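Welcome, and thanks for taking a look at this one with us. Have the sequence and the 3D view open side by side as you read the briefing below.

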Amino acid sequence: MFFVKGVKTTQATQQSVIHKRLWGYELKDKKRTETALKAGEDRAILLGLGMVFSSVMMYFVICITMVRAHADSVLTDETTCVVLNSTLTKDINCSYNCGSDCWRSSEFPCLQVYVSLNATGRIGLLFYNEEMLDVSSECFYVPKCQKDHSVLRVMVQNISEHLKTHQQVTCYHDSSEHQASILLNRPHGSSAVFHSLFWPSCMCSGGTLIILMVKLTQYLSILCEQIGKAPK
């Protein structure tokens, strides 16, 4: 009887040791899994925060450049213009960089383009864009100054011939006529502003969605753990 009891006691002890070892392995695996999941969640949250922060910075840069220029512009009414005259009038002096603290003079021909607005019939000077309007109040296009002024002349002549060939062009003007100039292109138009704001908006939405998904996963995990611990 003592032998049988001793055998049963030994078997029970061995089962207890095996159970404890298995339980210990399960706890270690569980802790490893929780650690890996927590590290992944932290990385995902950092990624989401980084995307949101980057999109906010992009919004800031776009707002102080494109959106501000779009809001300040008065040449916003789109219409069709007919090119009446496209001629080279006079040579404009310019300077180009030839090295460190070195500037030399050159020249380019001034192209004046007169157009007629189909909407109102008003005649005015056409400019390539608002940047060219700020540089010169007479010339349609101001090329980048360089040493060989003959190249600049050929470039401006090609533009003039193109405008003579395509006499009807889309242009932008001020319907209130506070600004007499007319633009051929608007680099800060509504379409350009929309496309500039679209991608930062996608990035901000994606970052926010990643953070919300991680928080939802954490909430559901805690909820499942509480349900599992609840007395049955």
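Is Ser-86 buried or exposed? With a relative accessibility of 4%, Ser-86 counts as buried, since the cut-off for buried is under 20%. Please keep in mind that this is a predicted model.

**Overall fold**
- Four helices and five strands make up the secondary structure of the protein chain.
- The protein chain has 232 residues, and 26% of them are buried.
- Among the contacts with a separation of 6 or more, 69% are between residues 24 or more positions apart.
- The protein chain has an accessible surface of about 16100 Å², and carbon and sulfur atoms account for 61% of that surface.

**Around Ser-86**
- To find Ser-86, go to strand β1.
- The side chain of Ser-86 makes a polar contact with the side chain of Ser-160, at 2.9 Å.
- Leaving aside residues up to four places away in sequence, Ser-86 touches Leu-111, Gln-112, Val-113, Ser-160, Leu-163 and Lys-164.

**Salt bridges**
- As a reminder, side chains of opposite charge can pair when their charged atoms come close.
- How many salt bridges does a search of the whole structure find? The search finds two.
- One of them joins Glu-138 and Lys-90, whose closest N and O atoms are 3.2 Å apart.
- Glu-138 sits in the loop between α2 (130–135) and α3 (149–165), while Lys-90 belongs to strand β1 (residues 77–99), so this pair ties together parts that lie 48 residues apart in sequence.
- Both partners are partly exposed: Glu-138 has a relative accessibility of 32%, and Lys-90 has a relative accessible area of 41%.
- Asp-91 and Arg-153 also meet through their side chains in a salt bridge, with an N to O distance of 2.8 Å.
- This pair links distant parts of the chain, with Asp-91 in strand β1 and Arg-153 in helix α3, 62 residues apart.
- Asp-91 is partly exposed at 38% relative accessible area, and Arg-153 is likewise partly exposed, at 31% relative accessibility.

**Where to look in the view**
- Strand β1 is a handy place to start, with Ser-86, Lys-90 and Asp-91 in it.
- From there, you can follow Ser-86 to Ser-160, Lys-90 to Glu-138 and Asp-91 to Arg-153.

Definitions and conventions. Residues numbered from 1 in each chain as written. Predicted model: local features only at pLDDT ≥ 70, side-chain atom pairs only at ≥ 80, totals over all residues. Heavy atoms only, no water. Helix = DSSP H or I, 4+ residues; strand = E, 2+ residues; numbered from the N terminus. Buried < 20%, exposed > 50% of the residue type's maximum accessible area, 1.4 Å probe, protein only. Contact = heavy atoms within 4.5 Å. Areas by Shrake-Rupley, 256 points an atom, 1.4 Å probe, with all protein chains shown as cover. Salt bridge = Lys/Arg side-chain N within 4 Å of Asp/Glu carboxyl O. Polar contact = N/O pair within 3.5 Å; in protein donor to acceptor, adjacent residues only side chain to side chain.
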